[in-house]
Amino acid sequence: MKILITGAAGFLGSHLSEKYVLDKHLVYGVDNLMNGNLNNVRTLLHKKNFKFIRGDIALNDVYSKLPNDFDAIFHLAAQIHVDRSIVNPEETFKINLGGTLKILEFARMNDIDKILFSSTSEVYGSAEYAPMDESHPLSAKHPYGVSKIAADRLCYTYNETYDLGVDIIRCFNFFGPRQKDTGYGGVIAIFINRVLQNKPPIIYGNGKQSRDYMYVKDAVDAYDTVLRSKGNPGKNGINFGSGKEISIKEIADMVIKHGAKDKKMQAIHVEPRPVEVQRLIADISKAKKLLQFKPK
Ligand SMILES: NC(=O)c1ccc[n+]([C@@H]2O[C@H](COP(=O)([O-])OP(=O)(O)OC[C@H]3O[C@@H](n4cnc5c(N)ncnc54)[C@H](O)[C@@H]3O)[C@@H](O)[C@H]2O)c1
């Protein structure tokens, strides 16, 4: 298969690139390195079946450098930091919504009908009921989440209007190697890095806020299952996660227990973050039923 992966030098994108290059597919990876790093794909750069293009998916230039006969597109490139989206919402919308529009038009004009779009559980906002299925209201309260709602619904519009075949993938949080220990969402990487430096984890608020974490390899499996599926299982959104809830305080305690030299280390609590999601837990019944998805 000829596959385009946007955001290929990022956390999830580098794992997906690695999988499909090693499986002998021809992979074009696009990334502007705004948050990604070439180091994440360094073992692939010399391979014949990996073509890396440094470019911005929100600008036109990059599209003229791409072939037009892809079998599938994984559209991951995004500005993912909530704090940065609060400081600069325009940039976040330009990339997350404007960039997605350009990818959808590229797919439409070139008759590419397998597109996997990285939406996110952040579109739901904080749980109004739990676990959260795909019918949960889309109530994100920060610009990152709202830019993802807009892009998620734009993909749905392309499915309805042009019968495009976009699978809208709503992963809950994932963690694992190459996740940056800066910014939002990477709390496991952030805590581990601090504790290894003998510094206590910093918790915003009381730490009772919870998340649903799965290992990055499960996220790769989720995308791959959707790629191999017939039809359009994510036409109107499909959740992937562990279905298990863990609080930020529990994560901090676990990292201290297993990583700290000083066993008396205690997390530091600081002021809560404005508009932070308080509770996320996935209902993955749809993925189980349609795709037999089971996180390992
Ligand atoms: N990390 C999570 O827990 C999580 C959970 C659910 C959904 N997601 C979604 O999955 C996708 C990948 O997330 P990630 O954690 O790997 O993030 P990441 O920041 O590591 O990867 C995104 C990549 O996109 C690149 N990029 C940003 N703007 C670009 C642009 N205009 N043109 C080209 N490249 C650009 C960045 O440089 C980066 O390498 C994102 O769309 C994110 O919203 C992530």
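In helix α5, the buried residues (under 20% relative accessible area, where over 50% is exposed and anything in between is partly exposed, using a 1.4 Å probe and protein chains only) are Tyr 144, Gly 145, Ser 147, Lys 148, Ile 149, Ala 151, Asp 152, Leu 154, Cys 155, Tyr 158 and Asn 159. The model is a predicted one: local features need pLDDT of at least 70, side-chain atom pairs count only at pLDDT 80 or more, and totals for chains, interfaces and linings use all residues. Residues are numbered from 1 along each chain as its sequence is written, and side-chain values use heavy atoms, with hydrogens and water left out.

Helices here are DSSP runs of H or I with at least four residues, and strands are runs of E with at least two, numbered from the N terminus. What covers α5? The cover of its buried residues includes α3 (82-87), α4, β5 (115-120) and β6 (166-171). Helix α5 itself has 20 residues, 143-162, and reaches 28 Å from its first C-alpha to its last, close to the 28 Å expected. That expected span is 1.5 Å times one less than the number of residues. Just after α5, Asp 163 takes a positive phi of about 55°.

After α4 comes Asp 111, with a positive phi near 55°.

Now to the cysteines. Cys 155 lies in helix α5 and is buried, with a relative accessible area of 1%. Apart from neighbours within four places in sequence, Cys 155 is in contact (heavy atoms within 4.5 Å) with Thr 100, Leu 104, Phe 117, Val 166 and Ile 168. How many disulfides does the model contain? With a disulfide taken as a pair of cysteine sulfur atoms within 2.5 Å, the count is zero. For Cys 155, the closest cysteine sulfur belongs to Cys 171 and is 14 Å away, too far for a bond. Cys 171 is likewise buried, at a relative accessible area of 4%.

A further buried residue is Ser 14, with a relative accessible area of 0%, located in helix α1 (residues 11-22). A polar atom of the Ser 14 side chain lies 3.0 Å from the backbone oxygen of Phe 11. Beyond neighbours within four places in sequence, Ser 14 is in contact with Ala 8, Asn 40, Val 41 and Arg 178.

Finally, the ligand. Which residues come nearest to it? Of the 28 residues around the ligand, these are Asp 31, Asn 35, Asp 56, Leu 76 and Tyr 144; a residue is counted when one of its heavy atoms lies within 4 Å. A nitrogen atom of the ligand is 3.2 Å from a backbone N or O atom of Asn 32. One oxygen atom of the ligand lies 2.7 Å from a polar side-chain atom of Asn 35, and a polar backbone atom of Gly 36 is 2.9 Å from an oxygen atom of the ligand. Taken alone, the ligand exposes 820 Å², and the protein buries 96% of that, with areas from the Shrake-Rupley method and a 1.4 Å probe.

Methods
Polar contact = N/O pair within 3.5 Å; in protein donor to acceptor, adjacent residues only side chain to side chain.
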